[in-house]
Amino acid sequence: MTELTPLNLYVCANVLLVLAAALVEGVRAVSPRLRQPMAYRHQLRLSQAAVLAALLLPLFSSSSSGSGLLPLTAQVWSAPAAAERALPGLNADPSLVSFGPSSATLPLDLVRQVALIVFVAGLVWVLARLARDALATARIIADAQTIRRHCSLRILASERCSVPFSFWVPGRCYVVVPSALVLRAEDLRLAIRHELQHHRQHDTKSVYLQQLLRACFFWNPAVHRLEAQLRELQEFCCDEALSRQGSVSALSYCQCLLRVAEAAAQQRPLQLQAGMIGGGAGKLLRRRIEALLARPSAPLRPSLVFGGGVAMLLLMAMAALAVASTVQDRRISLREAERMAEVARRSSTFPVVVNDRVVKELNRLLSTPEGRAELQASLGRMRGHEAFISERLAEAGMPLELLAVPLVESGYRNRPQDAEPRHGAGLWMFIASTARSYGLTVDAERDDRLDVAAETGAAIRLFSALYAQFQDWSLALLAYNAGAAPVQRAMAETGARDAWALIASGHENDPGYLPRVMAAILILQNPTVLE
């Protein structure tokens, strides 16, 4: 699991919860228009399945790289050198986040902190309200009088509530009715049956999961709508179950609902309770009464409901794959670099090295927008010279990995000499003295360093001499940049014959040169990393 996998999972789950809310809304809107409407218990099960799918499908799509159907929400890049200098000590992780198609970036640590604050604020807000409701419910139960007791079930009457409700804690089920309802035997019987049905449907247990969902996705409006839809469907399911019992009169039940709803206006609904009014909204109560009084019709066959559920889950699965990796980590890890090295070693005996320094240079080349753009342009220029240089290297028995040297030295630009005589020129960036030592003419009238054939021949002769001297390609590359004499002195001073040990001791000319060449070799052997 990568660092950004949890973030991708969270983003994907939020998108799928929006889709789940829309699907549930669609099912509820279409069902009454069918010749055989869908039973409310089936609607509730489909809605619960949609919520569960929204939470689980991101886990199965997390290994996907995304389908490209949706734009990236954000990309995480390794900080370029300029950003590292501009933000010294500000962030433990100098990585940057770019959002959508814009070029605006923010430090990854800042984004993490803001996201965490927002998430925790929502979590604390919801949990604080739930704790308050739990205490209020506990007080009601503590002061209530027991009407009936059976195994783990307690039916209580309370002066402190005006609406019947059911409540569950591990090992105990409660049904609480207003004390005033005890005087109306028929209403009491209907209210108790209604609340017992909540227990049978496990609504009193699922309410905890619904509130946990709200707490974790507090800032997603679709989650609040989903939670309200589930509560409404739970009430419709109770009404449906009771209306199908021959001993319950639909008219008496509707009258009971109206009387309870009138009392409910005086009491704030508590989120951990499954109440008889289910939120007390007037429109909801009207729809419930209309459903109870409507002529009963045969419900939609379970096989058709199952088929619709499968279609809904397939749609959500496709959405999960489309949304996968909306937050993409562009940074290269040490493990990914080692995989790239394994690919490079399959086709060559060149000693490719991977370490933290190489990973850092890989990230400079691949994991910053600027580095990536420059690398792509350099590789485009390389194509014009690759065939010729590869042929010359092969003729001389030199490794093709040396194609990475002009990539690092000049970006395959045939650069002329600038005003600074210590700087090099050409693809291979020879300084004038070294160029003359290997047979190139460099004077006011002629500069063979700009002749690709001539400078490539000189570079091959130089590398041949360096390898013959050091018998190690890493030392030869270090000497190509710093000179053979400084490398020889560094080896004498440190007693080391390892190029990386010399670098660790500070014996290098251009900081990061050898790791950068190794990184370029890895990229040339793994061209798909730029896709």
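**Aromatic pairs**

I searched the whole structure, a predicted model, for aromatic pairs and found ten. My rule pairs rings of Phe, Tyr and Trp (its six-membered ring) if their centres lie within 6.5 Å; planes under 30 degrees apart are stacked, over 60 edge-to-face, and the rest tilted.

I looked at Y10 and F119, an edge-to-face pair with 5.8 Å centre to centre and 85° between the planes. Y10 sits in helix 1 (residues 5-30) and F119 in helix 4 (residues 108-143), so this pair ties together parts that are 109 residues apart in sequence. Helices here are DSSP runs of H or I with at least four residues, strands are E runs of at least two, and both are numbered from the N terminus.

I then checked exposure, where buried means under 20% relative accessible area, exposed over 50%, and partly exposed in between (1.4 Å probe, protein chains only). Y10 is partly exposed at 29%, and F119 is partly exposed at 29%.

My next pair was F218 and W219, edge-to-face with 5.0 Å centre to centre and 85° between the planes. F218 is buried, with a relative accessible area of 18%, whereas W219 counts as exposed at 53%.

I also noted a cluster: ring pairs link F350, F430, F463, Y467, W473 and Y480.

**Ground rules**

I number residues from 1 along each chain as its sequence is written, and side-chain values use heavy atoms, without hydrogens and water. Since the model is predicted, local features need pLDDT of at least 70 and side-chain atom pairs count only at pLDDT 80 or more, while totals for chains, interfaces and linings use all residues.

**Surface patch**

I found a nonpolar surface patch made of L52, L55, L56, L59 and F60, with about 500 Å² of accessible area together. Patch residues have over 30% relative accessible area and no salt bridge, with nonpolar side chains (Val, Leu, Ile, Met, Phe, Trp, Tyr) joined within 5 Å and like charges within 9 Å. A salt bridge is a side-chain nitrogen of Lys or Arg within 4 Å of a carboxyl oxygen of Asp or Glu. The areas come from the Shrake-Rupley method with a 1.4 Å probe.

I picked out L59, which lies in helix 2 (residues 40-61) and is partly exposed at 49%.

**Cavity**

I counted one cavity of 30 Å³ or more. A cavity is a set of points on a 1 Å grid where a 1.4 Å probe fits but cannot get out, and lining residues have an atom within 4 Å of a point. The largest cavity has a volume of about 30 Å³, and its lining is R231, Q234, E235, Q273, A274, G275 and G278. Helix 7 (221-243) and strand 8 (274-275) each supply at least two lining residues; helix 7 gives the most, with three.

Notes
1 Å grid on protein atoms, 1.4 Å probe; cavity = no way out; pocket = protein on both sides within 12 Å on 5 of 7 lines; lining within 4 Å. Points joined across faces, edges and corners; volume = space filled by probe spheres on them.
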